[in-house]
There are 2 protein chains.
Amino acid sequence: MRSTARRLAAPVLITAVVLVLAAAPRVAADEGMWLLDQIPKLDQAKLKAEGLELTPQQIWNPADGSGLASAVVWLGGCTASFVSPDGLIVTNHHCAFPAAQYNSTPENNLIASGFLAVDRDHELPSPGSHAYVLEGFADVTQRVLEAVPTGADDTARFKAVEGAVKRIVKSCEAGGDLRCRVASMFGGLSYVLYRQLDLRDVRLVHIPAEGIGAFGGDIDNWMWPRHDGDYAFLRAYVGPDGKPADYSKDNVPYRPKRYLRISDRGVARESLTLLLGYPGRTMRYRTSYAVQQAEEVRYPENIRLLGEAIHVLELQSKKSPAAAIKNASAIKYMNNGMKNNQGMIDGLRSSHLLESKRRDEAELAKWIESDPARAQRFGHVLPEIASVHEEEAATARRDLVLGFMYRTSRLLSAANTLLKISEQRAKPDLEREPGYMERDLPRRRHRLMRMQRSLDVASDRAVLRLMLLEASRLPEDQRIQPLDALVFKGDSDPATEVDAFLDKLYAGTRLQDEDFRMSLFEASRADVVGSSDSMIELALALEPLRKANRQREEKIEGALSRLRPLYVQALHEYRGGLMYPDANSTIRFNYGTVRGYRPRDAVRYFWMTSLRGVLEKDTGVSPFNSPKALLKAARTTEPSPYLDNTIKDVPVDFLATLDSTGGNSGSPVMNGAGELVGLLFDGNYESMASDWRFDPVLTRSIMVDIRYVFWNLDRVYHADRLIREMGDPFRTLGGRDGVTK
Amino acid sequence: MRSTARRLAAPVLITAVVLVLAAAPRVAADEGMWLLDQIPKLDQAKLKAEGLELTPQQIWNPADGSGLASAVVWLGGCTASFVSPDGLIVTNHHCAFPAAQYNSTPENNLIASGFLAVDRDHELPSPGSHAYVLEGFADVTQRVLEAVPTGADDTARFKAVEGAVKRIVKSCEAGGDLRCRVASMFGGLSYVLYRQLDLRDVRLVHIPAEGIGAFGGDIDNWMWPRHDGDYAFLRAYVGPDGKPADYSKDNVPYRPKRYLRISDRGVARESLTLLLGYPGRTMRYRTSYAVQQAEEVRYPENIRLLGEAIHVLELQSKKSPAAAIKNASAIKYMNNGMKNNQGMIDGLRSSHLLESKRRDEAELAKWIESDPARAQRFGHVLPEIASVHEEEAATARRDLVLGFMYRTSRLLSAANTLLKISEQRAKPDLEREPGYMERDLPRRRHRLMRMQRSLDVASDRAVLRLMLLEASRLPEDQRIQPLDALVFKGDSDPATEVDAFLDKLYAGTRLQDEDFRMSLFEASRADVVGSSDSMIELALALEPLRKANRQREEKIEGALSRLRPLYVQALHEYRGGLMYPDANSTIRFNYGTVRGYRPRDAVRYFWMTSLRGVLEKDTGVSPFNSPKALLKAARTTEPSPYLDNTIKDVPVDFLATLDSTGGNSGSPVMNGAGELVGLLFDGNYESMASDWRFDPVLTRSIMVDIRYVFWNLDRVYHADRLIREMGDPFRTLGGRDGVTK
């Protein structure tokens, strides 16, 4: 399961010249999440030899914003692509999940049973869903760095960069149809402004039943072999004037500049695949200090706290079916997080990344010291980064527990958001914190309303109780002072104190009441503070610590935005070659090879799974509950244009060495001619630690084969309308001339 | 983990002629556990083409009892083989476990740390361990069947066969050095008398540390890929006169007729392997009624009861370290049983054996009915077998719970044994029940003493409590009447009644006292009954039901000994071809091919594992705790005669399509020239249901590669003495001329 919340733009800066990173290519095979303007710098001859039939301009042409990349869509957390001239979008099942959830009722659960709109009039609106289409991007490093005053300290540096970024974004979005973002590359070596068309009427066209689109569920999540038909179709609509608009019956399908053609040729072992998408976050240029903190403290503690929180929620879920429904997605999300963190630890350990980073850093330090000019430029960088990490580590346990309180208690989180909004709204827009500007408020409001669906007050209390008990066990030098003042007075044992405190807290709050909660959304800071709601009071009591933490974070980020670019610069001078920046939810181009792997001694994974495998796994019980229509179709042995010659069966999922991460979910995967052959939906278990370092031997991305998507459309759903709209690629409806308007 | 308690000889009979089963060969590849006298009837040309370099007489020569099979040793539950002229025996680690356990103390735990005798004087005695060497066998069908009076009913038939078998065995064993056994083939179509030399001074020579010999433990048990160095060495000793003798310092190494040569060539993909061993029990000629009963009732109920018993024992083990030690082997044994039964169910279900048996039986019935003479001979067979199974099924739940009471409570089992011995000893030897004759008493005594090591009274009570509660929930028509009279009087709820009963039961027994218990071993029935021990009284109360059950069982066995041979006969006439009898702990010859397999869609298992894989799995924590000496040796990259060319590493375990089951543990696996290439120690998970039907696609036996054994002897244990004794096959000590006396 690969999706990620959209990551906020990181702050940044430094003096180095970006162009230096665009030297001669020197990259490990298939590694690299390339910026679109790096594509021409890749080794075209090698790519051609591997099967690339496109020029860089056919992938992305900066002159007119055309090329394959203009068919790629960012859904916020997921990637998708246009596959028809009428704005039809294909993405993953789990990326269309919110749209299906929104349109579901207990009587008509679209998630369980799936959905296929019989015609365009029946395509279902999904307020809150957006599709962002790349219009273009530009380097704004100069504009950002100019804002930093000479001699600024780290905090001032942070503020200056943040202010510049906000101003650039605001002016970019002034027209109203665009969503803009300044992304920092290499931790602040350069800044790039991305302009995306913001399509906000996105409708659900087709989602297969959960027993197809989430076949294998949590059990198979991150695993290979996989048999997941993880696809869904959406459509972007615009106003009759062709401009982005809120949902209206009068809206018309959006006509994209470009849409992808469907390949009818399938994929073959060792063949070239191309990937365009929005990977969320990687940490490949982090130092050993960051690795150590993650491997030894953050991931293990996360796993422990998530495990305990899941346990508590499951107990609550057993008590009432209503609680079970409300807690389901949180439990699923936490389980995914635990599995991810465990995979990270396993991967970091088995790859001995910490040791090798230390070795590399020692070598780099030696190289830096070997030349006085270099020592002058870079000598301070690694020691300073180390001391920044040390500063963070000093209160890591406290901050983790504090963070978990807000992550797990929806009521405390709502109280905090309401306080913050009332505070920030009083300021001029450009002076607010990112995430609390006018552009962010509709999304905030939407979330505060939507939380009703997943709020079970008893569960909320149970997890907050767990975190308070955690807080009671924090060491002397990492106490959460406001809680010591409010809760842990030492009158009795901590559990008794916590229970007494929670009795009052939950008796004195009304935030579970949607009307009350939303009334505070519009209220002034004085009114929110004066509401005398006990949960608001708790949030208020914790606010000074949160603010102090944020100030420290700004100082640290300011320092890192000064140090990281130097570190990357030093690395680059030391190693040479073309470097790609860490993933940061900006669009990237990758290429890779269709290939299986050997997960452990004597085990080989074939690169493709088959419909037979679906039948093998099917138990009739979720998550291995194929719909009857699928079972019937699978057992029919008609000749079929979807068969793969290698396996003599309908292919389901396949592997490639593509370098991807969360956010790549739903990304189009194309053959050398740029035709769609699959949709990326996951990485293998062994790939998780690739967020830290790409291991070409074990890292694989998992795609649903486009032939399986069409087999489902044709044989299970009889979705002739969609097949025809996509040009009838397998000629099951009478040939390619069937394209409709 | 493949070992089995030795199975008692089954009773039997009928009129059919054995020779009819020796027609032209027609067998699925690699299936078949052939009797030694069937070897000449196998397709020699095909075997030669596949790589067999031996004549049937070189495998077993009935004229003088020579050939490879004379180097094969039965350990009772396991197989082994001679590998030196001085009686050196190689078998599995888990087969030498009892000998290591016997010689262990808390201060010197040979199981954990391993053991290597520095010289012959330090080889460790292991009272109770026997090595049986095949002397010869003969068909005794005529002698057995003659004993059955004309017109005998099923019970009389049973008694007559049992009596004849006892007489034949007694006269065979009269000399004193032989252990004899009459085995029924095809459920009674023929009877074969096996004569084995009974070597009763067997000593422990070398057992590797648990972190080698049981590497992977319960987690890897039944699994592939495997990295288990499952080997150990024993030595058989005899009196100075060369005859079997009890342990004495004056004994000398036994000099076997034949010992196996060690191959230095390794095994290759698709190469021929030979297997000689003592498979315990298969059920391939059972009908659909037996499959149904096993799949739907016996295995699931077993799993449930074992699971609950394990749970109870684990709770007890948590309470005291002493209990933990005493319960460890029972828990391990029960876990193995659960995993086995689950594998059986999985395999039976996924192979749809029940449906296909039913289909086959319907076809057979049709064929039988199509000819009046055939209908006359065989028409009654399937219906009668069905009604026998129905009779058994009527009280299946009651009998299962009853059986579990004795399986789980050692004290109740001891009480029952003491009662039974005192009763049977009063009879002339030939009139006693099998298992209670003079020849059996030393083993009985040994077990009654040895039980002290695994007896924790609180745990004994806890599991008996569990089973009594089970008994309380039995349906009206399957009640255990004596318990209803003694325990479930309906005065209060069952749990209270059980606890009150157990309070008295455990207060009133002294059977946990070894001296008291053993005093009853010699006592008369009157003295045992009159001991007024409460546990004896419970066993006495249950005795009538147990006896009634035994009588019913005798009648059923009598009927089956009449019906099964007819069923097999009919099958044979219908199908034609050469047939092998079900495994019954008699020596068998198999051949198979070195080959990996595909356990599920997109997963391929390679046929060989490597030392790299041991390092991959090693965690330092049991059961993945390789000794330091192994880790050090594994990381040394010296040139090595043990390397396999395919994997460029030391091979560890390998797979072949050999048809095996419990009892085959430790069996020698040989190449086409009869040289030892590995020791069979397990089957893969998918092979479990092969006890019911052999599936050549998925069934694999797992061997430890003899090269890994020698790598350990050489690089980890520096066991030059043993290497030299086996002829220095890898020439690490200076060549083949190093053979010692």
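**Stop 1: a charged patch**

Select A:Arg269, A:Arg598, A:Arg604, B:Arg269, B:Arg598 and B:Arg604: they gather in a patch of positive charge on the surface. Patch members have over 30% relative accessible area and no salt bridge, with like charges joined within 9 Å. This is a predicted model, where local features need pLDDT of at least 70 and side-chain atom pairs count only at pLDDT 80 or more, while totals for chains, interfaces and linings use all residues. Residues are numbered from 1 along each chain as written, chains are lettered from A in the order written, and side-chain values use heavy atoms, without hydrogens and water.

Zoom in on B:Arg598, in strand E14 (residues 597-600) of chain B; strands are DSSP runs of E, at least two residues, and helices are runs of H or I, at least four. At 54% relative accessibility B:Arg598 counts as exposed (exposed is over 50%, buried under 20%, partly exposed in between, with a 1.4 Å probe and protein chains only).

**Stop 2: buried pairs**

Now pick B:Arg284 and B:Asp659, which form a salt bridge at 2.6 Å, N to O (a Lys or Arg side-chain nitrogen within 4 Å of an Asp or Glu carboxyl oxygen). B:Arg284 sits in the loop between strand E12 and helix H9, and B:Asp659 in the loop between strands E17 and E18, so the pair ties together parts 375 residues apart in sequence. B:Arg284 is buried at 8%, and B:Asp659 is buried at 0%.

Next, show B:Asp399 and B:Arg552, a salt bridge at 3.0 Å. This pair links helix H14 with helix H22, 153 residues apart.

Key:
Patch = residues over 30% accessible without salt bridge, like charges linked within 9 Å, V, L, I, M, F, W, Y side chains within 5 Å. Areas by Shrake-Rupley, 256 points an atom, 1.4 Å probe, with all protein chains shown as cover. Lys, Arg positive; Asp, Glu negative; His and termini not counted. Charge placed at Lys NZ, Arg CZ, Asp CG, Glu CD.
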